[in-house]
Amino acid sequence: MPELNTGDTAWVLASAALVLLMTPGLAFFYGGMVRAKSVLNMMMMSFASIAVVSVLWVFYGFSFTFGTAESSPYFGSFDLSGLTSVVNDMTANGAYYPIPVLAFAAFQLMFAVITPALISGAIADRAKFATWVIFVAIWVTVVYFPVAHWVFDFGSADTTGAGWLAAKGVLDFAGGTAVHINAGAAGLALALVLGKRVGFRKEAMRPHSLPLVLLGAGLLWFGWFGFNAGSALGANGTAALAFINTQVATAAALAGWLIVEKFRDGHPTSLGAASGAVAGLVAITPACAFVAPWAAVVIGLIAGILCSLAVGLKYKFGYDDSLDVVGVHLVGGLWGTLSIGFFGTTAATSWGANGLFYGGGTELLVKQAIGAFSVLAFSFVVTYIIGFLLEKTIGFRISRDEEIEGVDVTSHAESAYELDSRSGSGLGGILAGSKSEG
Amino acid sequence: MKLVTAIVKPFKLEEIKSALQEQGVHGMTVSEASGYGRQRGHVEVYRGAEYTVDLVPKVRLEILAEDRDVDMIIDTILLTAQTGRIGDGKVWVTPVEQVIRVRTGERGETAL
């Protein structure tokens, strides 16, 4: 057992807070993209994920992901449930890290929170809120916790009880598979279960507030430094490499997306800038500690170009992945995970591996593909089954009338914006059940 | 008495308003409107998907006037609102049967 290192611990705790901020940031990113009648519901799906997953994490989530005793390659155990017995323990995950295991648990919790929130973009405007809350609880339990165990759990200090992808040598530094491919495949499944929005492809569903989208993208970008550099689990050179790679890949992807738009559509758009940034963040996530900064630029640039083309797939195939969870997170996550097979180098991080361009042959690329596509397949199939069962029992989709009126009013009894200058006469309407004025 | 209604480009509003004020027109109602005529809408692109926005934002002016002032009002609006490009809008005049000032109850031309 190592002695606690205060610098490492401080960085991981700060990173956990940074990653938490990504979920409200995502709420703004998604919220600005929907129409004004469903922005609150869109944002609430993210906030609900914070509530549900945080509570489950304490009781069994952390244990089911990183449990040590009798962990199988496919899921953890329940020996850490409740988190009470681990207050003075240090972190062991393939090796010892001089940070309290509760700091590690807090950091990993934020990943579990944002992953289901990412899915919500695929089902904008049309999901029953109560069903969404139940879905999140079931989905993290049977999809996220096991998959995170596959990828992120390197077992105890002697690597017993490691997840099967981690043990196989699939490289995913901060969650290209467990977070982004996982959420992207799940988003595709739910978009298919719930079906298209009323008016899909017939009417303009323009983003109601692009400034909110840009604000959300900015918050995501900021928080992502915790996501990627924090995954070093220490304040060290690996964290610094992940940090700089995150920045340059994101910048290159933003530029790449705008270049495509300029040549294809004639106008570089603000939505394209925000989307490109997120595509770059997604793609560099698995690779950020395994590649050199010049390679991060290439990975980001390709991600921006690839994802800007991939968001058109939904029109070609006719699925309503409303806010492009597939085009950005699935495609970006796949590219980022596979990119390590090309650009990976042990010069970046010693426990990394050399990819095709560094004389490592295709061995790593094959491993990366196995990791990427096994998570994709598992997530898609299991999510489809969960979504289908929920739709057939308690219903997942709101009624057509509710959807047309707007899910904010029908599900939450609120509207996002009160811009009516006619209010404020002091007399008001009659508030049913109002107790404020006795 | 007549009601002069004009649909014009939003950015022309200030110019029309001050020109009318100089001519002694001291009241009007302005509302935001949207619509289309011969002017085609415009195309917006979101993540590569093109949307035709065919309802174009406009401003609607409504002016109650005595019969003898109507031509002056129309001329002033034309002079200031015209850009010569498609989408400049329309002006039309309708007869008004009665006008009442809410504060005093005055009726007819004294209420204008």
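Reader: Which side chain of chain B meets A:Arg206 in a salt bridge?

Author: This is a predicted model, in which local features need pLDDT of at least 70, side-chain atom pairs count only at pLDDT 80 or more, and totals for chains, interfaces and linings use all residues. Residues are numbered from 1 along each chain as its sequence is written, chains are lettered from A in the order in which they are written, and side-chain values use heavy atoms, with hydrogens and water left out. A salt bridge here is a side-chain nitrogen of Lys or Arg within 4 Å of a carboxyl oxygen of Asp or Glu, and the partner that A:Arg206 meets, at 3.2 Å from N to O, is B:Glu44.

Reader: Which three residues supply 69% of the area that chain B buries against chain A?

Author: Buried area is the accessible area (1.4 Å probe) that two parts lose on being put together, summed over both, and between chain B and chain A this comes to about 1100 Å², with carbon and sulfur atoms giving 59%. The three residues that supply 69% of chain B's share, more than any other three, are B:Tyr46, B:Arg47 and B:Tyr51.

Reader: How many residues does chain A bring to the contact?

Author: Contact means heavy atoms within 4.5 Å. By that rule chain B gives 8 residues, while the number taken from chain A is 19.

Reader: How far apart are the end C-alpha atoms of helix H13 of chain A?

Author: Helices are DSSP runs (H or I, at least four residues), numbered from the N terminus, and the expected span is 1.5 Å times one less than the number of residues. Helix H13 holds 31 residues (363–393) and should therefore span 45 Å, which agrees with the distance between its end C-alpha atoms, 45 Å.

Technical notes:
Helix = DSSP H or I, 4+ residues; strand = E, 2+ residues; numbered from the N terminus.
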